[in-house]
Amino acid sequence: MLAIINATLCMPDHFIPNASILIEDGVIVDFGKKLEIPACAEVFDAQGLYVGPGLVDIHTHADGETWFYDDPVKCSKRLLDHGVTTVLPTLYYSLNKEQFLEAIDKIDSFAEKGEMPNFAGYYMEGPYLNPNFGCDRENNPWKGPIKKEDYEEILNKVSKTAKVWALSPEREGNMDFVRDVKAKIPNIVFTVAHSEATPDQIEELMPLGLKIGTHHTNATGTLESFPECRGVCVDEAVNYNSDIYAELICDSMGIHVHPYNLRLLTKIKGKEKIILISDSCVYDGPPIPGCEEAFDICFDWNGEIAGSKMTLDISCRNMMVHTGASVCDVFRYASTNPAKAVGFTDVGQIKKGYLANLTIVDQWFNVKNTILKGEIVK
Ligand SMILES: [Zn+2]
């Protein structure tokens with residue numbers, strides 16, 4: 001048994017100071033103030049720091065340095081060091097079919113050997129995205145018609161592991177694709193991504209499981225309307241539908257999402273429907289003018305913003321800075337909400353019977369310790 005004492009527990013909407021957590025067989029068996037600590041327990045003193053549910057990064061291609069498919073074990077380990085106890089490695093449209101299959105085989109093999117203990121499945125970002133929205137108009141390997149023979153093998157390979165599937169609803173033939181994915185993976189969560197879909201096209205997919213707006217406000221269409229009148233695009237549909245979660249890449253300069261928008265979104269989506277992601281990538285293009293100071297985001301060689309160099313703890317810290325969110329709030333955005341959105345029922349909260357996945361941070365969300373299934377791994 002492990003007893004964490006002297007902890008400030010971060011619950012979804014309140015703190016419990018001077019508290020303890022009891023862990024047995026990797027599971028939280030009790031928590032709260034004035035707990036009796038059994039004599040046999042190994043005691044870990046949290047020194048008054050904040051103890052929250054382990055971070056859940058549902059959307060990241062890398063660990064802030066290296067692509068997942070290049071070194072899955074290193075990525076898994078580095079993310080654990082940054083408090084991420086659940087991760088969905090994200091595979092992008094930029095891979096062609098063979099590369100998708102190869103990446104999945106490679107990551108699967110390490111996960112099956114137990115070398116990626118925080119691996120929880122895949123976030124498939126494509127391949128059927130709109131090439132006009134951050135998806136390489138010229139070289140997009142998937143810009144042709146959507147054909148079953150192209151995606152079937154990939155779908156079969158991830159039928160037990162894909163948790164989230166991102167797509168652009170407006171692409172012709174995507175409805176058949178969605179039905180095939182849904183038939184194979186009934187609990188799949190769809191997202192609207194890299195898209196200029198109309199609200200109607202997005203809402204049509206909600207009964208089939210669309211419930212996340214991928215990196216909200218990035219690559220999310222154009223506001224076409226009459227001159228001088230604001231139109232509607234993907235962002236409006238995500239904002240309007242309270243069942244849709246908004247993923248936010250929260251970088252230090254507020255480039256992916258403007259700090260004013262972050263504050264606005266806290267109002268519109270409420271604390272229940274914000275998901276922080278890192279969307280970490282590995283591109284080394286030069287900064288675009290005006291972004292020279294942006295050390296935590298990536299630029300591609302087409303002069304576009306291309307994901308971040310962050311781990312999720314950094315995204316949490318930036319969210320606190322930009323919106324005045326509390327440590328409690330950001331644990332909710334980076335653990336409770338993503339776990340709920342994806343349908344994980346044993347992580348994302350400090351709760352009896354849940355896995356003892358815990359992240360211990362200071363007041364500025366610097367990760368001091370990570371506990372994975374009751375084991376102190378950092
Ligand atoms: Zn991504």
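**Helix packing and domain contact in a predicted model**

Let me begin with two helices: the axes of α2 and helix α3 (residues 148-157) come within 10 Å and cross at roughly 5°. Here axes are lines fitted to C-alpha atoms, for helices over the stretch in contact, with angles running from 0 to 180 degrees between N-to-C directions. Helices (H or I, at least four residues) and strands (E, at least two) are DSSP runs, numbered from the N terminus. The crossing makes α2 roughly parallel to α3, a term for angles under 35 degrees.

On α2, the contact is made by Lys97, Phe100, Leu101 and Ile104, and on α3 by Asp150, Glu153, Ile154 and Lys157. Two residues are in contact if their C-beta atoms, placed from the backbone, lie within 7 Å. By class, these residues divide into four nonpolar, no polar and four charged. Ala, Val, Leu, Ile, Met, Phe, Trp, Tyr, Cys and Pro count as nonpolar, Asp, Glu, Lys and Arg as charged, and the others, Gly among them, as polar.

Residues are numbered from 1 along each chain as its sequence is written.

Next, helix α1. Which residues of helix α1 (residues 72-81) are buried? They are Pro72, Cys75, Ser76, Leu79 and Leu80. Seen down the axis of α1, these buried residues fall within an arc of 135°, so they line one face of the helix. The arc is that of the directions from the helix axis to the C-beta atoms. An α-helix has 3.6 residues a turn, so residues three or four places apart point the same way. A residue is buried if 20 or more other C-beta atoms lie within 10 Å of its own, exposed if 12 or fewer, and partly exposed in between. The cover over the buried residues of α1 includes β6 (55-60), β7 (84-92), α2 (97-112) and β17 (367-372). After α1 comes glycine 83, with a positive phi near 85°.

Finally, the domains. The chain is divided into domain 1 (2-50 + 362-376) and domain 2 (55-346), with bounds from an automatic or database domain assignment. Their contact takes 13 residues from domain 1 and 17 residues from domain 2. On the side of domain 1 that touches domain 2, β17 gives the most, with three residues. That side has nine nonpolar, three polar and one charged residues.

How values were computed:
Predicted model: local features only at pLDDT ≥ 70, side-chain atom pairs only at ≥ 80, totals over all residues. Parallel < 35°, antiparallel > 145°, perpendicular 65-115°, else oblique.
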